Amino acid sequence: SPDKPVILFGGLNGGGKTTILDALQLCMFGPHARTSNREGLAYPEYLARCIYKGAIKPEAAIEVGFRHTVEGREDVYRLHRSWRRTNGACKEHFEVLKNGHLEPALADNWATQVEDFMPANIAHLFLFDGEQIEGYASQDNSSALIGAAIQNLLGLDMVDQLDKDLQVYERRKRSEGKDTAAQT
């Protein structure tokens, strides 16, 4: 129903259901996407592997359109993420159109903007493969999953990241101090 929008994709194994979910994540979140087949690859390497090996031109693209309403005003977005493999490297291009107009500033800051629509850290709770339901329903995994989702929603994961960043900064400062002392 319109007040409870749920979209289900059905099909045989190998029919492309997970590929659709991965494509949505990749288009929305780029390097922060949690796709099923990334397997710890660096983002440019992952993009290069997404290009069909038999393609005449070594390039690929994903485009997603959606509507977003804030305070009664509806905006129409179109995201276009494309990449091309040249000389062994893979270069990405990303565009955002809002209400039919190209928005370069919005594209440059998309990682921040998309968090208002769907935070990347919890997107897997909204875009998931049916095979993942067993993991979510498992008593062993569910408490950790719910805990992580609550931390992400409250922004507590950011506090943890800031703590790690401060520790790195302190180590660098101490190291610089030792180098300065050694030089004198």
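In this predicted model, the largest nonpolar core has 30 residues, and Phe29, Phe66, Leu79, Val96 and Trp110 are the ones that touch the most other members. Two or more residues of this core come from each of H1, helix H2 (43-49), S1, S2, S3, helix H3 (104-108) and helix H4 (110-117). The top contributor is H1, which gives five residues. As background, nonpolar side chains in soluble globular proteins tend to be buried together.

Leaving aside residues up to four places away in sequence, Trp110 touches Met28, Phe66, Tyr77, Leu79, Arg81, Phe94, Val96 and Phe117. Among these partners are Phe66, Leu79 and Val96, which also belong to the group that touches the most other core members.

**The chain as a whole**

Now zoom out. Of its 184 residues, 25% are buried. The accessible surface is about 13400 Å², and carbon and sulfur atoms account for 54% of that area. Among contacts with a separation of 6 or more, 40% link residues 24 or more positions apart.

**The sheet**

The four strands form an open sheet in the order S1-S2-S3-S4, with antiparallel pairing. S1 and S4 are the edge strands, each pairing on one side only.

You can follow the sheet strand by strand. S1 covers residues 59-70 and S2 covers residues 73-86, and twelve bridges join them. Along this pairing, Ile62 faces Arg81 in S2, and Glu59 has Arg84 of S2 as its bridge partner. Arg81 is also one of the residues that Trp110 touches.

From S2, ten bridges lead on to S3, residues 89-98, again in antiparallel fashion. Here Arg78 is bridged to Leu97 in S3. The last pairing is between S3 and S4 (residues 101-102), with two bridges. In that pairing, Lys98 stands opposite His101 in S4.

**The turns**

What sits between the paired strands?

| Hairpin | Residues between the strands | Residue with positive phi | Phi |
|---|---|---|---|
| S1 and S2 | two | Glu71 | near 50° |
| S2 and S3 | two | Asn87 | about 50° |
| S3 and S4 | two | Asn99 | about 55° |

For Glu71, the positive phi occurs in a residue other than glycine, and this also holds for Asn99. Asn99 is found in the loop between S3 and S4, and it is partly exposed because its relative accessible area is 32%, between 20% and 50%.

**Two places on the outside**

Lys91 is a residue of strand S3. Its relative accessible area is 62%, so it counts as exposed, the cut-off being over 50%. Which residues does Lys91 touch, not counting those up to four places away in sequence? They are Ser82, Trp83 and Arg84; Arg84 is the residue of S2 already seen as the bridge partner of Glu59. Lys91 and Ala48 are 43 residues apart in sequence, yet their C-alpha atoms are 8.8 Å apart in space.

The other place to look at is a nonpolar patch on the surface, formed by Ile7, Phe9 and Ile20. Together these residues have about 320 Å² of accessible area. Ile7 belongs to the segment before helix H1 (17-29). With a relative accessible area of 68%, Ile7 is over the 50% cut-off and therefore exposed.

Conventions. Residues are numbered from 1 along each chain as its sequence is written. This is a predicted model: local features need pLDDT of at least 70, side-chain atom pairs count only at pLDDT 80 or more; totals for chains, interfaces and linings use all residues. Side-chain values use heavy atoms; hydrogens and water are left out. Two strands pair if DSSP finds at least two bridges between them. Buried means under 20% relative accessible area, exposed over 50%, partly exposed in between (1.4 Å probe, protein chains only). Contact means heavy atoms within 4.5 Å. Accessible areas come from the Shrake-Rupley method with a 1.4 Å probe; for residues, only the protein chains shown count as cover. Patches are made of residues with over 30% relative accessible area and no salt bridge: like charges are joined within 9 Å, nonpolar side chains (Val, Leu, Ile, Met, Phe, Trp, Tyr) within 5 Å. A salt bridge is a side-chain nitrogen of Lys or Arg within 4 Å of a carboxyl oxygen of Asp or Glu. A nonpolar core is a set of buried Ala, Val, Leu, Ile, Met, Phe, Trp, Tyr and Cys residues joined through side-chain atoms within 4.5 Å.
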